[in-house]
Amino acid sequence: MRAKIIPLFFWLLPLAFLAVFYFYPLGSILALSFSRGESWLQPFVDVLGNRGLRGVLGFTFWQAALSTLVTLAVGLPAAYLAARHHFRGKSLLRALSGVPFVLPTLVVAAAFDALLGPRGWVNLSATNLFGLDNPPLQFVNTFGAILVAHVFYNLTIVLRLVGDFWARLSPRIEQAASSLGATPWQVFRKVTLPMISPALTAAALLVFIFDFTSFGVILVLGGPRFATLETEIYYQTVALFDLPTAGALALIQLLCTLALTILYTRLSARLSRPLELRAPQAVAQRFATRRAKWAASAFLILLAIFFAAPLGGLALRSISRVGAERGQIAAQPGLTLDYYLALGEDPHGNVFFASPGEAIRTSLLYAGATVALALAIGLPAAWALARRRDALLSRLLDPLLMLPLGTSAVTLGLGFVVALNSPPLDLRTSPVLVPLAHSLVALPFVVRSLTPALRSIRPRLRQAAAVLGAAPAQVLRHIDLPLVGRALLVAATFAFAISLGEFGATALIARPEFPTIPVLIYRLLAQPGAATYGQAMALSTILMLLAGGGMLAIEKLRVAEIGEF
Amino acid sequence: MKVLKKALLLVVLVGLAGCAPTESGGAPRTLTVMTHDSFAVSEEVVAGFEAEHNADVVFLKLGDAGEATNRAVLSAEAPLADVFYGVDNTFLSRALDGDIFEAYASPLLAGIPDEFELDPEHRALPVDYGDVCLNYDLAYFDEHNLAPPATLENLLKPEYKGLLVVQNPATSSPGLAFLLATIGHFGEDGYLAFWEGLVANEVSVVNDWETAFYTEYSRWGGERPIVVSYASSPPVDLIFAEEPMDAPVTAAVVADESCFRQIEFVGILKGTQQRDLAEAWVDFMLSPTFQEDLPLQMFVFPVSPDAQLPAEFVDFLVEPQETAFVSPQDIAGHREEWIQAWTNTVLR
Amino acid sequence: MLDLRDLHKIFNGKPALNGVSFKVKTGEIVALLGPSGSGKSTLLSIVAGLDHAERGEVRWDEKKMSNVPAHRRGFGLMFQDYALFPHRDVFGNVAFGLQLGAKPAALIQRRVSEVLQLVGLAGFERREVSSLSGGEQQRVALARALAPQTRLLMLDEPLGSLDRALRTRLLEELAAILRKARQTSLYVTHDQEEAYAIADRIVLLKAGRVEQVAAPEELYRRPATAFVARFLGLHNLLPARIVKAGQRTWLETPIGRLPAPQTKLSGDVLALLRPDAVKLGRGLPIKLNGTLLSKRFHGRNLQAKVKVGETHLVLELPSDATLPRQRAKVQLSFDPRQAVQVFPREA
C-alpha cells in the first residue's frame, strides 16, 4: 500500500507546479483569446482553411525534421567517439558544444556573420583569392542558415544525452555479438542501437521540439521568406493583436507537441530496460587501427572547428576595432580591451545601467535558482516515471511534462500576465517568475536526462541494498542517486544553460535595474554605434566564457558519491 | 459609566484617525511605471522626481512597444502599473480601444505642438518622437562617385540597383514605419507600384533592424549602403564612435514625406491608486528636465519645443520638415491588409 | 527459528513453489539442495521479503513476517549474481550494511577487514569492483552478506564461480565461521558435496516441493525417493517387482531374484542397487557375474560399468582397486541389507 502512495506523491509536486504555472496561465490566455473571436471553433476553421497558414505548419514540421536529422547524423558519431574513447580535449569539446545553447540568437547571428557574412572571413578570403566581384557565399536569409544554426544550438543535446548514456553501457554485449560473427554495421544496428535507443529517442524528441518552436533562428537567420508557427504566432499576437488566430495557432502547435511526446512515451517505455552499467572510465578505449584514429581525429577536428570558428570569431570581434575599412580583412590589427572596460562605465547615467559584474551576478542567481527548482521538481518526477512506467499515471502524465517546451513563449508570456494577477499568485512582476519560467523549460530536459538512467538501474541492486537494511529512502540516496549522478549533472548543466541564455521570460520581468546578461546584450545591440556594438560583442564573449566555465565546473563536481559514476 | 467608556473610545478612535500618516514627512509612496524595453532615463533625473515627490519609482519593462501594449490591454482589469509609457502611434488605437487609460489634461500640454496630440481626449499624451528615415553611407557614395538618393522616388533609379536593404514590416517596427511612410507618400493606391519598382531594383529584405544595420549596411561591413533606420542614427553613430569624428559618416534622407514619424505616448492606467502621483509623473515627463534627457538616453526627440537638444544633435541632426502621415485609426484598421499586400508584392 | 509454512508461488503461470514447509532452528545451517528451476532462489526471495508468496507464511520466532518490509527483517542475503554496487569500491560494498546501522567508523573498519580476511581478499578495500575477476566479485558479495551479522543469513550458490581448491578451503572456513557464530543459515546449492560439508540438515527440493529433509548422512544413506537417489548420483535404479509368497517376500529384478528389504511397498517398484555397496569378488552374500564394459578414473574413486544380463550396472570402487581389462568377465557381490533400497515407481 505504501509502495503505491509514494510514487503518487512524487508526481504530485511536478503536477502541482505545472498546473499552477503552466496550465492555469495557458488556459487563461487561450480562453481569453477565443472569447474575443466569433466562436471557439471559428479560428481553427480559419487557420486550417488558410493555405498560407497550412504552408507555415508544413514548413515548421519540415525544417524541424530536417534539422533534427542532421543534428542526429552529426551528433551520433560524435557521441560515440566521446563515449567509447579517450582523447585529448574531450571535456573542452564537450563544454564548447554547450556554449551555443546559452547564446541569444542575435549573438549567434553576429558570430556567424563574422565568419560567413558578406564581409566575414570566408567571403573575404574567397573574394580576395579568386578576385570575385561579389561575395560567393550567402548565409543570412537562407534555409541553410536555419539548418546550420539549429545544429549549432542543439548538437550538445545529442552529445550529452546520448553520449553519457552510451558511455556507461558495457561493451561486452557488443563484443559478444562480434564474436558471433556480426559485422560492425550489424552490431550497431542490432545491438548498439537498441541499447542506446532510450537516450537516442529522448534526445531526438527534445531536439525536434526545440527546432519546432524555434523563433530567433527563423526570424534573424532565416529572414522574411521563412515563417514557422512560432513566428506566425508572434506576428498575429504582437503586430495584429489577433488573439483568436494566435490562440488557434498556439493550440495547434501544442497539440503537435503533445502527439509527438505521446508517441515518444509509448516508444521509450518499450525501449528502456535494465542494463549493465559501468563506470565510464572502465568502458573507454583507445583507437583500434591507425585509419580509425585518423578518421576519428579528422571528424573531431572538424567538429571543433564548427564550434570554435563562430565563437572564436565573436571573441575576436570583441577585442578588435569594429568598423572595418573597406577592402580589408574584417578583423583589424589593433586589438583592444576597450570594449570590456567600457562595459563598466556609464557615461550617461542611465538608471538601468548595470555593470557586467552585476549582470553576471543576476544571471548566476537566476541560473542557480533554476537549477535548484528544476531538479527539485524533476527528480521526483523522473523517479516516479522510472519506477512505474506502465502505470496509467505515467503514461498520461509523462507527455504533460514536455508540453511547456512546445508552447509558444509569446502565448505563455501573455498567459502569465492574464492569469497570475491576484494574490497570492500575483507574480507577474515578481523576479520569482524568472526561475519559474526557466524551470518550466528546463523540466523536460531534467526528466529526459534522468529517466533513462534511472530506468537502467538493475532492480537487483535495490534489492541487495534493501536486504542489507536500507529503507526505501536510503536506497534512493545510496543507490539510485549515485548511479544517476552523471545524469543528474547533465540535467543540472542543461538547467543552468537554459536559464543563463533565456531571453524571453527574463526580458518581460520586473527589476529592469537588474538585467541578466542576454537582456543587457540586447540593449546594447539595439542602438547604432561602434562603441555599443563592440561592448555587445564583449559581453557576449563574457557570456560564452561564463557558460562554458559553468558547465565545465558542474561536470567536474563531485559531491558525496554523486558524479563519480 | 458605560456611556463614559464609549465616549472615551470614540475620542481615541477619532484621535487615531487624525493621526494617519500624511504624504509629507511619511514613508515614500511607490509609483509603478510600465514601459517597453528601450526605455532609458538618467538616474539623476529620476532621483530628482523621487526627491521632490517623496516617491519611489519602480519601472517595469515588458517587451517591445507592441508586446507592452498588449500586456497593458490584457491586464486592464488588474493593471500592472500606475502609468504606461511607450505606446506609439502604430499601436495607439489598440491601446485606446482597450480602454486602459484615464484621461488627464496636463497643463504642460499647452506648450506642445498640436501635430503630436493624436488623442483629443488626452488619455494618451505625447512625450517624444523619432523619425524613421532612409540612412546612407557617405563613404560608399564618395567612392563610387554617386549622388546619394534624395527622395523615395530616387530609389527606383537604375544607379541604385541592389543598394537598399529594408526590414520586414511584419516583424520590425522601423520596417513597418517605412512601409507606412511609402503609404503616406504614395497613397494607398500607389505604394505597391513603388514597392514593385524596389523589387525590380533588387531590394534586400531582412527581418530585424540589427541584421539590416549591423550585417547588411555597408557602414558596418555589409554590401548595401542604404538602409532603413532613424534620423537620429547618424549623430548617434558619431556620439558612440570609436575615434572622435568631425562629422557623421552617414546621413539620412529627409525629403518631404519620405520619413515616418513615430510618436510615443504616456497615459495613466485605469485603476491606479496613486492618481496624484501619476499625474505628477506625466507632468514630469513633459517637463524640460525629462524632455532634455531623452535624446541621449533613448535617441528620440522631445515634443516640447522648449527643450534644448545636445550639441551633437544641434550640429549634425537633419530633421525632416514634413513626414509622411497615416492616422493611428487607419493603421489599426488596415495594418494586416497592408502587410499582406506588401508580403505578396515583395516576398513572393 | 525460521518457520516456513506451506509456501506457494506462481511464476510465469507455472507453480514455482508448491507447498514448501520446513524449519530452520536457531544456530542451524540448513542446505537447500535441488536442481536448477526447483524454486530455490524464489524461496530465498520470499524469505528475504523481496517477493511475496501467494499462499503460506514466513515466520521468525513465531512472528509473522508478511507485513515486515525487506529492510527490516534482519535477514541477510547473498545473491547468485552478486549484485555488487558498481559505484562503490570493495570497502564501500562490504561496509554498506554496517554504515546503514550507523556503527562507529573504527568498528566498521575492523569488521570489514576481518571479513575480507576471511574470504581471502585482505587488502582489497580500495579496489574497484569492476576490475575484479568473477571469483573475487563473488567473495566480495559473500563478505558483504557476512559483515552485518544478521539473525538469518541466506546464501545463494555462494561458491559457484570458484575453483575447487578455493571452494574447498572457503567451504571449510565458512562452515567454521557459521558454526562458531552459531549463525542461523540457509545455504542454497546444487552441489551435494557442499551441502554435505556444511549443512546440519539438508532440504531437497524438486519442482517447488520438498522431497526430503534429513541430515547429510541420512540423506545419502536413505534417500526417500527415486528422484533423491538420482539427484544424489546413486545410479542403478532398476525396475523391479515385490513378490509375496506366503510368509516370504522377494524382489524380482532384471539381475535376478533378491531378498526384499523391509518395506511397506508392494507390486511394481524401483530398486536401487547402491553403486558404492557392490564390490568386486565373491566376498558378500549375493553374487553376480558380469562383463566389464568400461572403467573411468575419477580421482577419488573409480567408476566401472558392468553388464549383468541385459542391465548396465555402475560401480563405485576405491581408486586403487584393480580391474581386469575391458570385456573381461568379472564377479561381483553385495550385501542386500546395505545395498538394496526400494522406491515407488514414478508417475
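## Exercises on a predicted model

The helices α22(A) and α25(A) cross in a right-handed way (the near helix is turned clockwise from the far one by less than a right angle; helices are DSSP runs of H or I with at least four residues, numbered from the N terminus). This is a predicted model, where local features need pLDDT of at least 70 and side-chain atom pairs count only at pLDDT 80 or more, while totals for chains, interfaces and linings use all residues. Residues are numbered from 1 along each chain as its sequence is written, chains are lettered from A in the order in which they are written, and side-chain values use heavy atoms, without hydrogens and water.

**Exercise 1.** Work out how α22(A) and α25(A) are oriented to each other.

*Step 1.* Find residues 485-501 for α22 and 530-556 for α25, both in chain A.

*Step 2.* Their axes lie 9 Å apart at an angle of about 165° (axes are lines fitted to C-alpha atoms over the stretch in contact, and angles run from 0 to 180 degrees between N-to-C directions).

*Step 3.* The two helices are therefore roughly antiparallel, a label for angles over 145 degrees.

**Exercise 2.** Find the salt bridges at the interfaces of chain A with chain B and with chain C.

*Step 1.* Use the rule: a side-chain nitrogen of Lys or Arg within 4 Å of a carboxyl oxygen of Asp or Glu.

*Step 2.* Between chain B and chain A, the rule finds zero.

*Step 3.* Between chain A and chain C, the count is two. One of the residue pairs is R458(A) with D81(C), whose closest N and O atoms are 3.7 Å apart.

Definitions and conventions
Angles under 35 degrees count as roughly parallel, over 145 as roughly antiparallel, 65 to 115 as roughly perpendicular and the rest as oblique.
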